[in-house]
Every structure is written in C-alpha cells, then in structure tokens.
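Hi there,

Here is the structure I promised to pass along. Have a look at it first, and my notes follow below.

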Amino acid sequence: MALTVGIIGLPLSGKTTLFNALTRAGAQISGYPTSTVQANRAVVQVPDARLDRLAEIFHPRKIVPTTVEFVDVAGIGQASEHERHEGLSAEFIGHIRNADALAVVLRCFDNPQAPHPAGSVNPLRDLDDLMAELAITDLATVDKRIETTARKAKSGDKKLAEEVDFLKRLREHLNEGRPASELTYSAPEETILRELFLLTVKPRLYVANVSEDTLASAAALLAGSADGAAKPQEGSELAQVAALAKRAQADGAELVAVSARLEAELEELPPEDAAEYLASLGLPALGADRVIQVGYTTLNLISFLTAGEDEVRAWTVTRGSKAPTAAGKIHTDFEKGFIRAEVISYDDLMAAGGSMKVAKEHGQVRLEGKDYVVRDGDIIEFRFNVSK
Ligand SMILES: Nc1nc2c(ncn2[C@@H]2O[C@H](COP(=O)(O)OP(=O)(O)O)[C@@H](O)[C@H]2O)c(=O)[nH]1
Ligand SMILES: [Mg+2]
C-alpha cells in the first residue's frame with residue numbers, strides 16, 4: 001500500500017533535515033531558502049518489532065515490513081506578495097495533492113546561522129500562516145466548482161442549488177484563511193468534499209522541531225508526565241510547545257516533538273549507541289520512528305500480519321476493515337474467493353511461547369468469517385477458493 005505523507009512547513013523549519021532522519025536518504029539540506037519547488041521522495045519501512053519476533057519463530061526466507069512514502073516539498077511561504085492571493089504553485093500542489101496526510105513541521109528551535117524567515121520563532125503564527133496558504137489554494141478549487149455548478153443549477157435543479165449554497169459557505173470559511181477541516185459536513189456534503197481533494201481536509205500531524213536541549217522536556221510534556229508544578233517559563237521554547245499542544249488538541253491533530261538535527265546526527269551512529277543516547281535523555285525511540293507511528297494512527301491505520309516459511313509480513317488496512325478486505329490487500333483472488341480466516345493475535349501467540357501448536361490447544365486460533373473486523377496485530381491465514 002503506497003501510503004504517502006507530505007512534509008510541509010515554512011522555509012528553514014527543518015523539513016529536509018527531518019526527511020533525512022526519516023529516510024536516511026541523505027537528500028540535500030540547504031542553509032538558505034530555495035526559490036524553486038523541489039521535492040525529495042523516499043519510501044521507508046514502518047518499524048515493527050513484532051516482525052522480528054515472528055521471524056525467530058517462523059524462520060522465513062524474507063521479512064517484509066509495510067512502508068510509508070514521505071515527500072518533502074518546499075514552496076510554502078516563498079511566494080512574493082503579489083502571488084500570494086493566487087495560492088500555491090501548480091508544482092507544489094502536484095506534489096501534495098495525492099498525499100494521504102500532511103506532516104506539518106513547526107520550527108521551535110532558535111538557530112542564528114539559519115535565521116527564521118519571519119525574524120522570530122513563533123510556531124503558532126507559522127501554523128496559521130501555513131494553513132492560510134493552503135486555504136487560499138483550496139479557495140481557488142472551490143471557486144472553480146462554484147462556477148460550473150452554478151451554471152448547471154440554472155436549469156432549476158434543487159440539488160445543484162443546494163450544492164452551490166454549501167460551496168458558498170465553504171468558500172466563506174476558506175476565505176478567512178481557515179482550514180476546511182474545521183467545519184462539519186452532512187453526508188451529501190462529504191461526497192462533494194471528496195471530489196474536491198482539498199488540501200486543508202487532509203489529516204494533519206504536527207511536528208514540533210525543537211532544539212536538542214528542549215527535546216526531553218518537550219517529550220515529557222507531550223507524554224503528559226510533566227506535572228503542573230513544572231510549568232514552562234513564559235516565552236521559553238517549552239512554552240511554545242505547550243501552546244502547540246493546546247492547538248493540536250483543538251484541531252484534533254497529533255503532535256510529536258522531534259529534534260530533527262539531533263536525529264539526523266544520530267543516524268550516523270551505530271544503532272546501539274543511538275539507542276543508548278536516547279535512553280539517557282529519557283526517550284524511548286527515535287522521533288522519526290514516532291512520526292511514522294503517529295502518522296499511522298493519524299490515518300486510522302492498523303497492521304495485520306502473515307507468517308510462514310516464505311515470509312513474515314505486515315500489511316496495512318484501515319481500522320474497522322473486515323476480513324475479506326484484508327485478504328484483498330494480499331491478492332484480489334483472496335477477497336473474491338474468501339471462505340474464512342484463521343486468526344490468532346500476536347499477543348496470544350507470544351503467550352503460548354510462540355508455538356502455534358500450543359496456541360491451537362488453548363483454542364486461541366480462531367476461525368473467522370466475512371464479518372470479522374480485523375484487529376491490529378492479528379496473524380491471519382486466509383482460506384479461499386479461486387474458482388468461486
Ligand atoms: N539548531 C537546530 N537547527 C536545525 C534543526 N533542524 C534544522 N536545523 C537547521 O535549519 C536549517 C534549515 O533546515 P532544512 O532542513 O534545510 O529546512 P527546510 O528549509 O525546512 O527544508 C539547516 O541549517 C539545519 O541545520 C534543529 O533541530 N536545531
Ligand atoms: Mg528543504
């Protein structure tokens with residue numbers, strides 16, 4: 001499944017540095033804003049420790065994790081004033097239109113060598129500016145749709161007239177620089193919305209790019225383990241993160257704190273040394289890994305697993321998917337000819353000491369039908385009939 005996350009942010013917010021940490025791709029980092037739209041793309045594996053444990057049990061020929069594609073796109077916040085009211089460039093939109101989610105990099109770090117283009121560090125302001133630019137682009141899309149629908153509505157079609165009303169309401173909202181995700185929609189409105197491919201309805205993940213010194217306290221703050229007594233000092237970097245956390249909650253978006261530069265540097269170290277260093281900061285995993293995992297949750301995705309001699313593999317489905325849909329991820333024949341699924345949860349298999357035989361004796365291997373809702377960590381073997 002080609003799941004794509006677009007990394008967006010103002011110039012010098014650390015997009016490319018984060019991209020490098022995410023992908024170990026070594027894409028170019030520049031210390032100055034570039035004026036053309038350039039995009040780095042890379043497919044990365046979703047870290048999943050369960051696959052390694054399963055491989056120890058099944059000794060497969062290969063291990064296949066699921067993947068996420070990251071696209072690092074420059075181009076926001078670089079338009080000159082007279083371009084601004086027209087929205088973002090076609091090139092930028094081309095890179096971002098098909099993304100399933102947006103990772104919005106928000107600069108919290110100070111760095112005199114790479115001064116913030118607006119002259120001061122203020123991630124909330126940056127977030128508003130970014131969303132406003134995306135909203136202007138969506139506004140143009142909605143305007144076009146209003147034009148064509150209004151023309152057709154002249155025939156007196158009531159439904160089309162209603163669509164025009166809805167589009168005008170949407171237009172008004174976007175015109176204030178507000179994201180379309182803030183509105184609630186009726187079922188028919190949802191249908192229209194899906195056809196518009198707006199940028200401001202894509203699920204968003206906020207990435208607070210903090211300095212190395214703030215990382216541990218920021219991570220603690222976001223994990224909710226910072227007590228009220230340790231209130232961040234006004235105007236401090238941590239206070240900026242706290243403000244972002246509040247906003248993320250209001251927006252229904254996830255927020256992850258990373259230090260992109262630290263992460264990029266850690267990539268140079270052997271994995272054990274990097275892990276040791278992170279542990280000394282009280283951090284469980286690389287921020288890059290957290291971005292990938294939180295990206296997964298943001299998109300409401302889960303993994304089910306298949307395990308055998310040939311391969312141990314993770315597959316991606318939307319939460320709430322039923323067994324035949326999951327089967328279809330492997331092969332369309334599996335879905336068409338679906339008979340039933342033999343399912344054991346990863347945790348049950350581990351509790352049975354990794355033995356399928358013991359798990360079967362305990363009755364933990366279930367036979368499930370076409371209405372079974374797949375859960376994260378299910379290890380599944382599908383029974384199907386090709387001629388069906
Ligand atoms: N101090 C500090 N500098 C950073 C951090 N992340 C990025 N930078 C620096 O900020 C500049 C811009 O980073 P880059 O990733 O190219 O930003 P982009 O324009 O958003 O792609 C570079 O000089 C980076 O080294 C960070 O976490 N801390
Ligand atoms: Mg860049």
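Which residues does Ser321 touch, leaving aside those up to four places away in sequence? The answer is Tyr372, Val373 and Val374. Before I go on, please keep in mind that this is a predicted model.

**Ser321 and its loop**

You will find Ser321 in the loop between strand S9 (311-318) and helix H13 (323-330). Its relative accessibility is 11%, and because buried means under 20%, Ser321 counts as buried. The side chain of Ser321 also reaches back to the backbone oxygen of Thr318, at 2.7 Å.

**Val258 in strand S7**

Another residue to look at is Val258, which sits in strand S7 (residues 254-258). With a relative accessible area of 1%, Val258 is buried. Setting aside residues up to four places away in sequence, the contacts of Val258 are Leu18, Val207, Ala208, Asn209, Val210, Leu215, Gly287 and Val291. For a sense of distance, the C-alpha atoms of Val258 and Asp100 are 21 Å apart, and these two residues are separated by 158 positions along the chain.

Now for the helices. Two packed helices are described by the angle between their axes and the distance between the axes.

Helix H5 (residues 123-153) packs with helix H6 (residues 158-175) at an angle of about 160°, their axes being 9 Å apart. At that angle, H5 is roughly antiparallel to H6. The crossing of H5 past H6 is left-handed. On the H5 side, the residues that meet H6 include Leu139, Val142, Ile146 and Ala150, and among those they meet on the H6 side are Leu160, Val164, Leu167 and Leu174.

H5 has a second contact, with helix H9 (residues 237-251): here the packing angle is about 40°, with the axes 9 Å apart. Pro123, Leu124, Leu127 and Asp128 of H5 meet Gln240, Ala243, Leu244, Arg247 and Asp251 of H9. By class, that comes to five nonpolar, one polar and three charged residues.

**Helix H6 with helix H7**

H6 also contacts helix H7 (residues 187-196), their axes coming within 11 Å and crossing at roughly 65°. H6 passes H7 in a right-handed crossing. From H6, the residues involved are Glu163, Phe166, Leu167, Arg169 and Leu170, and they meet Glu189, Ile192, Leu193 and Leu196 in H7. This contact has six nonpolar, no polar and three charged residues.

**Two backbone details**

Most residues other than glycine have a negative phi.

Leu12 has a positive phi, near 65°. This leucine lies in the loop between strand S1 (3-9) and helix H1 (15-23). Is Leu12 buried or exposed? At 18% relative accessibility, Leu12 counts as buried.

Asn300 likewise has a positive phi, near 65°. Its place is the loop between helix H12 (287-298) and strand S8 (301-307). Asn300 has a relative accessible area of 37%, so this asparagine is partly exposed.

Happy to talk any of this through.

Best wishes

Note on methods:
Residues numbered from 1 in each chain as written. Chains lettered and ligands numbered in written order. Predicted model: local features only at pLDDT ≥ 70, side-chain atom pairs only at ≥ 80, totals over all residues. Heavy atoms only, no water. Axes fitted to C-alpha atoms, helices over the stretch in contact; angles between N-to-C directions. Helix = DSSP H or I, 4+ residues; strand = E, 2+ residues; numbered from the N terminus. Parallel < 35°, antiparallel > 145°, perpendicular 65-115°, else oblique. Left-handed = near helix turned anticlockwise from the far one by under 90°. Contact = heavy atoms within 4.5 Å. Buried < 20%, exposed > 50% of the residue type's maximum accessible area, 1.4 Å probe, protein only. Polar contact = N/O pair within 3.5 Å; in protein donor to acceptor, adjacent residues only side chain to side chain. Nonpolar A, V, L, I, M, F, W, Y, C, P; charged D, E, K, R; others polar.
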